[in-house]
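Visitor: I would like to learn how to read a few features of a model like this one. Could we take them one at a time?

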Amino acid sequence: MNTLDPSKRYLITGGAGFIGYFLSKALLEKGAEVIGFDNMNDYYEVSLKEDRLAILKKEPKYHFIKADLADKDAVFSAFEKFKPQIVVNLAAQAGVRYSIDCPDAYIQSNIVGFFHILEACRNYPVEHLVFASSSSVYGGNKKVPFSTDDKVDKPVSLYAATKKSNELMAYSYSKLYGIPLTGLRFFTVYGPMGRPDMAYFKFAKKIMAGEPIQIYNNGDMMRDFTYIDDIVKGVENMLCNPPDEDENGAFYKIYNIGNHKPEKLMDYIAVLEKCLGRKAKKEYLPMQPGDVYETYADVEDLMKDYGFKPETTIEEGLGRFAEWFLEYNKER
């Protein structure tokens, strides 16, 4: 297995996003040249994206392009100018519940935008395209842990449907044009400088404001929470290791990246309360459309191919998040 090559140029879409920021930072620290691409939309606080970006822009080997993946000319221009050898497509309209209210955003970003990335990689050949899928593709699967061999053709949200579509589009492009492609099904990523639309971040805000937190399905849910450092390490392992050719002639592989340890939602909240030093007021609500009861990643392939699996406990991860959260909001 090859180690990460700092002599390569890495293009990261969603570069000012949560995972994009931490991955960019890790690559820059290793001496690599990184091109960030992000439309800086206001799905959540733009100020947080700007704060992440301000840190990255201090690095001389970092370049930033503010543009939208739905703008094909902007995507092609980025490839023409920088000629990246490795591309990581993290840009997407995220959020299961938001996809019910604003479906257009998901088609433009996740379908049209990803198509433009695939077309750019076809016209400006790359050594490897790594793209973000999601544990949401498993829908209401009852068999756990979720395996990449499971059938995933019954999505329960448009967001999940767009991510499954990305996997199908990627496979066809790999088969047709020989593009090496790796898809990553992320499982509930959390940590410092994370996404304010995620439950743990919303909980922290409301707990510190003395407001009640909304707990769906009356708290009877389980999630395979995965700490950001584990996600970054997993992605780093893959960047310079494109998949082998499969039986159909495609250079394509899908992996789960999850903690392989689902946590009860109420236990997760209890740890967060402890880390913040404050108890939460709680409002219990029924299950929301598009939500699933449990997520649980089978990471056997990740271990077999890379000798790696996420291991950060929620006590460690939420502790680091709470420390950052309290400091960050004290300064504002």
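This is a predicted model: local features need pLDDT of at least 70, side-chain atom pairs count only at pLDDT 80 or more; totals for chains, interfaces and linings use all residues.

Guide: To read a pocket, look at which elements supply its lining. Here α6 gives the most to the lining of the second largest pocket, namely four residues. Both α6 (158-177) and β11 (252-257) supply at least two residues each.

Visitor: What is the volume of the second largest pocket, and how many residues line it?

Guide: The volume is about 340 Å³. The lining has 14 residues, and those nearest the pocket centre are Thr-148, Asp-149, Tyr-252, Lys-253 and Ile-254.

Visitor: How do the residues of that lining divide by class?

Guide: Eight are charged, five are nonpolar and one is polar.

Visitor: Next, helix packing. How should I read the pair α1 and α8?

Guide: Take the angle and the axis distance together, then the handedness, then the residues in contact. Helix α1 (residues 18-29) and helix α8 (residues 228-239) cross at roughly 60°, and their axes come within 10 Å. Angles from 65 to 115 degrees would count as roughly perpendicular and those under 35 as roughly parallel, so α1 and α8 are oblique to each other. Their crossing is right-handed. On the α1 side the contact is made by Phe-18, Ile-19, Phe-22, Leu-23, Ala-26 and Leu-27, and on the α8 side by Ile-228, Ile-231, Val-232, Val-235, Glu-236 and Leu-239. By class, this contact has 11 nonpolar residues, one charged and no polar.

Visitor: At what angle do α7 and α9 pack, and how far apart are their axes?

Guide: Helix α7 (residues 199-209) and helix α9 (residues 265-276) pack at about 50°, with axes 11 Å apart. α7 and α9 are therefore oblique to each other, and the crossing is right-handed. From α7, the contact takes in Tyr-200, Phe-203, Ala-204, Ile-207 and Met-208; from α9, Leu-265, Tyr-268, Ile-269, Leu-272, Glu-273 and Leu-276. Of these residues, 10 are nonpolar, one is charged and none is polar.

Visitor: Finally, the backbone. Is the peptide bond from Val-144 to Pro-145 cis or trans?

Guide: For a peptide bond, read omega. The bond from Val-144 to Pro-145 has omega near -5° and is cis. Pro-145 sits in the loop between β5 (128-134) and α6.

Visitor: What is phi of Lys-83, and where does Lys-83 lie?

Guide: Phi of Lys-83 is near 45°, which is positive in a residue other than glycine. Lys-83 belongs to the loop between α3 (72-82) and β4 (86-89).

How values were computed: Residues are numbered from 1 along each chain as its sequence is written. Side-chain values use heavy atoms; hydrogens and water are left out. Axes are lines fitted to C-alpha atoms, for helices over the stretch in contact, and angles run from 0 to 180 degrees between N-to-C directions. Angles under 35 degrees count as roughly parallel, over 145 as roughly antiparallel, 65 to 115 as roughly perpendicular and the rest as oblique. A crossing is left-handed if the near helix is turned anticlockwise from the far one by less than a right angle, and right-handed if clockwise. Contact means heavy atoms within 4.5 Å. Ala, Val, Leu, Ile, Met, Phe, Trp, Tyr, Cys and Pro count as nonpolar, Asp, Glu, Lys and Arg as charged, and the others, Gly among them, as polar. On a 1 Å grid over the protein atoms alone, a cavity is a set of points where a 1.4 Å probe fits but cannot get out, and a pocket is an open set with protein on both sides within 12 Å along at least five of seven lines; lining residues have an atom within 4 Å of a point. Grid points are joined across faces, edges and corners, and a volume is the space filled by probe spheres set on the points.
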